[in-house]
Amino acid sequence: MLELAKEQIAMGQTAADKAAALRLLADRLVADGLVAQGYLQGLQDREAQGSTFLGQGIAIPHGTPQTRDLVYATGVRLLQFPDGVDWGDGQMVYLAIGIAARSDEHLRLLQLLTRALGETDLAEALRRASSAEALLKLLQGAPQELALDAQLVGLNLPVEDFDELAWRGARLLQRADCVDSGFAAVLQQVEPLPLGEGLWWLHSERQVRQPGLAFITPQQPLRYRDQPLNGLFCLASLGAAHQALLERLCEVLIEGRGQMLYQATSSRAVLEVLGGEAPADWPSARIVLANPHGLHARPAKVLAQLAKGFEGEIRVRLVDSAQPAVSVKSLSKLLSLGARRGQALELVAEPGIAADALPVLLAAIEQGLGEEVEPLPQSAEPVASVAAQVLQAPAAGSRVQGVGAAPGIASGPAHVCVEREFDYPLRGESCAEERQKLRQALATVHSELQTLVQRSDKAIGEIFVTHQEMLADPALTDDAEQRLAQGESAAAAWMAVIDAAARQQEALHDALLAERAADLRDIGRRVLAQLCGVHAQAEPEQPYVLVMTEVGPSDVARLDPNRVAGIVTAQGGATAHSAIVARALGIPAVVGAGAAILLLEAGTPLLLDGQRGVVSVAPPEDELQRALAERDAREQRLQAAWANRFEPAVTRDGHAVEVFANIGEGSGIAKVVEQGAEGVGLLRTELIFMAHTQAPDVATQEAEYRRVLDGLDGRPLVVRTLDVGGDKPLPYWPINAEENPFLGVRGIRLTLQRPHVMEDQLRALLRAADQRPLRIMFPMVGQVHEWREARAMVERLRAEIPVADLQLGIMVEVPSAALLAAQLAREVDFFSIGTNDLTQYTLAIDRGHPSLSAQADGLHPAVLSLIDMTVRAAHAHGKWVGVCGELAADPQAVPVLLGLDVDELSVSARSIAEVKALVRQADHQTARALAREALQQDSAAAVRALVERY
Ligand code: PEP
Ligand code: MG
């Protein structure tokens with residue numbers, strides 16, 4: 001890494017001109033062993049391409065890509081020229097910093113230097129510096145920028161007095177790395193300054209690492225020293241970094257706009273007032289930087305100069321960084337971004353100039369800002385995060401490739417549902433009027449929720465009942481009333497109260513409370529939409545294609561399934577929530593179609609193929625007709641499959657496979673049998689636990705399991721013991737938040753830590769079994785000892801509660817279980833492969849990851865190998881293997897799983913008839929050949945292509 005040190009500095013140099021200065025520098029770099037002879041040519045060529053003058057009397061000569069091979073070691077050498085050297089155009093250089101770098105390490109140096117390139121006049125000081133130490137100090141000790149961003153704003157904090165507020169301010173500064181831990185104590189000793197309008201100011205220079213300003217407001221109106229306490233600024237002061245901010249703040253206070261700060265409902269609103277962030281509604285555009293060495297001095301200079309041609313503000317920030325946006329017109333600020341090739345920039349411009357400025361700047365960046373750029377490699381990332389162009393809706397006639405999530409063909413107008421930003425005034429017209437508005441909005445939302453309760457099934461209906469209760473919570477309405485009395489608008493008061501309540505829950509880092517916070521925000525937005533007169537877009541009259549970012553179960557409850565012909569989501573993969581929900585409902589779905597899909601005009605005709613994962617936008621008539629004909633043919637096939645749903649699934653050459661159902665609760669068991677299930681292959685018992693407000697006791701569980709066994713009427717029941725923890729919290733079972741819940745305490749790990757829960761469950765299962773076939777399996781087993789401990793628990797209870805037909809097995813969903821299948825197969829009665837998790841852990845892709853989960857395809861040959869290994873090990877010991885992940889219902893996967901000799905497929909009830917029909921169409925020997933070939937492929941896509949050819 002490039003850092004500055006006094007040993008690198010040569011003071012008091014002289015050079016007649018720039019060429020002589022470059023020679024001196026090159027000699028120095030060569031003499032110190034950083035570069036080979038010949039590097040001088042690189043320095044000269046670089047200057048010929050464009051001056052490396054940086055401003056403030058500094059130039060940063062460096063080589064070209066062609067001379068990069070001449071660099072032995074990365075480093076810098078600094079030459080001071082007290083008499084100055086003309087670097088062209090009369091720009092005098094007093095300090096030349098020669099850089100030897102093989103790649104873009106020098107960006108780090110530029111970032112460091114930008115601290116020196118602030119507002120003060122550095123050139124003269126550099127010229128006069130009399131020692132290397134003094135020069136270094138000038139470069140490093142120049143004013144640092146004041147940190148002021150969203151993480152330094154804390155609104156509506158539940159504090160009781162001034163001291164507590166000051167303590168919270170100090171905590172924010174500490175978290176932003178601006179101060180040391182003793183800063184809170186320092187602030188206690190400082191005399192607070194009232195600024196007026198109930199705003200207060202505290203500042204200190206002690207224990208400060210870098211300058212920063214925190215702004216915090218109390219949740220309840222407070223008083224301090226007989227004056228209102230509406231908000232507090234805590235400044236970690238260093239030099240003059242806060243000067244500009246202080247001036248802005250004075251202006252705000254003189255103009256009587258202080259309430260815009262303490263009544264702000266978002267940190268963004270505060271930052272807008274203080275000038276820390278561009279207003280949310282300024283037009284913006286994103287582009288990926290393609291310059292080989294990032295945004296270094298030369299291209300940055302071109303960009304700044306171009307921006308200066310527009311009268312008005314233009315800012316830029318790195319999309320994947322927490323740093324605030326900086327002015328595009330400031331070279332030093334641009335360099336302070338340290339932007340590298342491949343990073344996305346977001347440009348934001350004042351509305352008055354945006355239409356002219358943004359396209360010009362984007363085009364210039366795209367063309368390399370005076371440098372030659374190689375195109376960036378195509379990325380699998382969604383367009384929103386790294387696209388090289390501004391997002392645009394897919395054009396008519398285009399096809400968007402996503403992930404096929406629920407088979408079937410659907411067409412209809414697009415019904416695009418995306419969360420939107422609301423604008424609302426902070427101050428109300430009159431307290432009485434605002435109160436009336438709020439009451440009206442609450443009543444309307446209450447009755448909307450009532451409609452949803454009636455439309456939803458029991459479990460989801462309960463969510464909306466909870467929402468109704470929240471709406472009526474007097475704590476929320478009382479707080480809102482108080483704010484209305486202070487003159488806030490209904491919308492501002494309501495959102496401030498919701499935000500504060502939600503933050504309070506979130507701050508406690510408890511999974512249950514975090515869910516409550518999400519519920520609060522949900523009802524918050526519903527009421528806000530009412531207050532702002534924004535009504536959810538009307539559903540089209542005819543069956544439509546729902547387009548959303550992601551679909552969760554509660555979204556589905558809001559839909560009328562008879563009117564949703566298909567679902568397209570911007571995010572998600574085949575095992576994500578949205579996909580599972582869509583499959584369960586039998587609605588064709590394509591997920592992970594990318595963010596641009598959300599820009600479609602409402603009503604755009606869409607055609608989607610949920611098998612191939614393709615969405616056609618405004619397709620030509622002939623394509624539409626072909627697809628609809630295919631849909632009709634599929635309908636007919638499904639009808640035929642439905643007629644034969646009770647027939648066994650036997651291949652053409654006589655190989656039988658059992659087709660079971662995955663279920664989550666007992667009440668629908670009769671319907672599941674009616675759909676052709678030969679048994680239940682996965683009872684997800686956590687859903688039974690989740691349906692209760694506290695852990696169901698043994699008797700309650702026994703009744704539930706009995707109901708399933710009764711409904712199965714002698715057919716086998718495979719039950720999975722409680723699979724919660726990590727990302728699947730149980731509301732009444734507090735689990736510590738984990739950095740990485742998928743790799744944390746979940747499944748069997750959790751239940752073994754809390755054996756009484758598992759014992760109760762096992763007891764209930766054994767009692768419910770009677771003479772009926774019961775199979776119990778344990779989730780997330782990754783170690784043999786976990787299985788043994790769980791088995792021992794069952795054996796102990798079995799001595800107490802005898803059962804006639806019991807098998808014990810494990811789910812294979814952690815790669816180690818598959819790799820240990822040979823050892824485990826000696827001891828278990830069966831394996832059930834959970835391909836959803838097995839794929840996630842094998843490919844190291846979070847199954848719910850917004851962009852990557854599309855690649856989490858269970859037909860990946862690595863996953864198939866683990867399945868193959870498991871089946872072989874099991875069969876060698878005479879044990880059976882089922883597959884209960886989503887892969888089992890994927891029409892392209894069925895022949896492959898058949899060919900891998902899986903004995904049972906467990907799928908959602910809706911897919912049973914189709915899966916049975918697919919097995920009947922297949923030939924086992926052909927499927928085995930297909931499976932062997934699939935194992936040899938190098939990607940999931942290659943396996944899918946192979947299946948298509950078979
Ligand atoms: C699986 O992981 O494949 C599985 C069936 O379990 P779940 O989807 O419930 O995690
Ligand atoms: Mg699983």
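Is Gln392 buried or exposed? Gln392 is exposed, with a relative accessible area of 62%. Here buried means under 20% relative accessible area, exposed means over 50%, and partly exposed lies in between (1.4 Å probe, protein chains only).

The model is a predicted one, in which local features need pLDDT of at least 70, side-chain atom pairs count only at pLDDT 80 or more, and totals for chains, interfaces and linings use all residues. Residues are numbered from 1 along each chain as its sequence is written, chains are lettered from A and ligands numbered from 1 in the order in which they are written, and side-chain values use heavy atoms, with hydrogens and water left out.

The secondary structure of the chain consists of 36 helices and 33 strands. These are DSSP runs numbered from the N terminus (helices: H or I, at least four residues; strands: E, at least two). Of the 950 residues in the chain, 54% are buried. Contact means heavy atoms within 4.5 Å. Among contacts between residues at least 6 apart in sequence, 71% join residues at least 24 apart.

Gln392 sits in the loop between α14 (383–386) and β17 (399–401). Leaving aside residues up to four places away in sequence, Gln392 touches Ala596 and Leu599. Gln392 and Ala596 are 204 residues apart in sequence, yet 5.9 Å apart in space, C-alpha to C-alpha.

The magnesium ion (ligand 2) is coordinated by Glu813 (OE) and Asp837 (OD), at 2.0 to 2.2 Å. Glu813 lies in the loop between β30 (806–812) and α29 (815–819), and Asp837 in helix α31 (residues 835–843), so the pair ties together parts that are 24 residues apart in sequence. Donors are N, O and S atoms within 2.8 Å of the metal (3.2 Å for Na, K and Ca); water is not among the atoms, so sites may look incomplete. Glu813 is buried, at 1% relative accessible area. Asp837 is buried too, at 3%.

Helix α1 (residues 18–31) packs with helix α2 (residues 39–49) at an angle of about 140°, with the axes 9 Å apart. That makes α1 oblique to α2. Angles under 35 degrees count as roughly parallel, over 145 as roughly antiparallel, 65 to 115 as roughly perpendicular and the rest as oblique. Axes are lines fitted to C-alpha atoms, for helices over the stretch in contact, and angles run from 0 to 180 degrees between N-to-C directions. From α1, the contact includes Leu22, Leu25 and Leu29; from α2, it includes Tyr39, Leu40 and Leu43.
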